[in-house]
Amino acid sequence: MMKTLCEKIIQLAERMPEGEALSAKALLHLGSRQGVDQALSRLVRRGQLLRAGRGTYVRQVHTKFGSRPPSPTKLIEALAAQTGETITPNGAAAANALGLTSQVPIKQIYLTSGPSRKFTLGSQIVELQHTARWQTTLANTKAGQTVRALAWLGEQKAGEAIPYLREQLMSSELAELLQARPVLPTWMAREVSRMAEYA
């Protein structure tokens, strides 16, 4: 019976997109909680599934070069779709993407509207940090990247970056950013308003 349960779980996992997470609770239609937990543990020991976090499992991705964990980006996309959370790269990653710093963040840290937690994908650790709503505003847009980059720079340094950041934004992106001012901290709303002067 355990073998059958393992087979059912792995068949289900293999139909799922890369990075989509499995949980014991989502598998209770296949067997008892104890049976599902044992089957998941067995699949992890065999290397067919990875335990990414507490109660969270992902399938290995099989390529012609061997097996690898799913990419962090795929995991984040799948999590956001499954949970309805807003998840976006943190300020250091946004600053790097916009060319404000050449430092590549060592850890993969994302900001989320949901709870803070960590996932392990092979040697990579993906950290989700719960944050204030304004930090996830305009998620996954260039205007949103600008918000998070300004937050990373902080009130003292943000002003120096305004002319450079303005050059990075198209008029439509600047308009999005200007519309977001009511939800931003006062100092940031002021700096964003200054961008309009360079339009």
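This is a predicted model: local features need pLDDT of at least 70, side-chain atom pairs count only at pLDDT 80 or more; totals for chains, interfaces and linings use all residues.

Student: What makes β5, β6, β8 and β7 a sheet, and in which order do they stand?

Tutor: Strands (E, at least two residues) and helices (H or I, at least four) are DSSP runs numbered from the N terminus, and two strands pair if DSSP finds at least two bridges between them. Three bridges join β5 to β6, residues 108-112, and these two run antiparallel; β6 and β8 pair in the parallel sense over five bridges; and five bridges join β7 to β8, again antiparallel. The four strands form an open sheet in the order β5-β6-β8-β7, with mixed pairing. Because β5 (87-89) and β7 (117-121) each have a single partner strand, they stand at the edges, and one side of each is left without a neighbour in the sheet. Neighbouring strands of this sheet are turned by 25 degrees against each other on average, direction ignored.

Student: Why is β6 called mostly covered?

Tutor: A residue is buried if its relative accessible area is under 20%, exposed if over 50%, and partly exposed in between (1.4 Å probe, protein chains only). Four of the five residues of β6 are buried, and the strand is described as mostly covered. Helix α3, residues 72-83, lies across β5, β6, β7 and β8 (124-130), running at about 135 degrees to β7.

Student: How do you know whether Q38 is buried, exposed or partly exposed?

Tutor: Q38 lies in helix α2, residues 33-45. Its relative accessible area is 39%, so Q38 is partly exposed. Q38 and L5 are 33 residues apart in sequence, and their C-alpha atoms are 9.5 Å apart in space.

Student: Why are α5 and α6 called roughly antiparallel?

Tutor: Axes are lines fitted to C-alpha atoms, for helices over the stretch in contact, and angles run from 0 to 180 degrees between N-to-C directions. Angles under 35 degrees count as roughly parallel, over 145 as roughly antiparallel, 65 to 115 as roughly perpendicular, and the rest as oblique. Helix α5 (residues 142-153) and helix α6 (residues 155-168) pack at about 155 degrees, with their axes 8 Å apart, and α5 is therefore roughly antiparallel to α6.

Student: Which residues of α5 and α6 meet?

Tutor: Contact means heavy atoms within 4.5 Å, and by that rule K142, T146, L150 and L153 in α5 meet E155, K157, A158, A161, I162, L165 and Q168 in α6. The residues of this contact divide into six nonpolar, two polar and three charged, where Ala, Val, Leu, Ile, Met, Phe, Trp, Tyr, Cys and Pro count as nonpolar, Asp, Glu, Lys and Arg as charged, and the others, Gly among them, as polar.

Student: How are α6 and α8 set against each other, parallel or antiparallel?

Tutor: The axes of α6 and helix α8 (residues 186-195) come within 9 Å and cross at roughly 25 degrees, and the two helices are therefore roughly parallel to each other. The contact of α6 with α8 has five nonpolar, one polar and five charged residues.

Student: What makes α5 oblique to α8?

Tutor: Their axes come within 11 Å and cross at roughly 125 degrees, so α5 is oblique to α8. The contact is made by T146, V147, L150 and A151 of α5 and W187, M188, V192 and M195 of α8; by class it has seven nonpolar, one polar and no charged residues.

Conventions. Residues are numbered from 1 along each chain as its sequence is written. Side-chain values use heavy atoms; hydrogens and water are left out.
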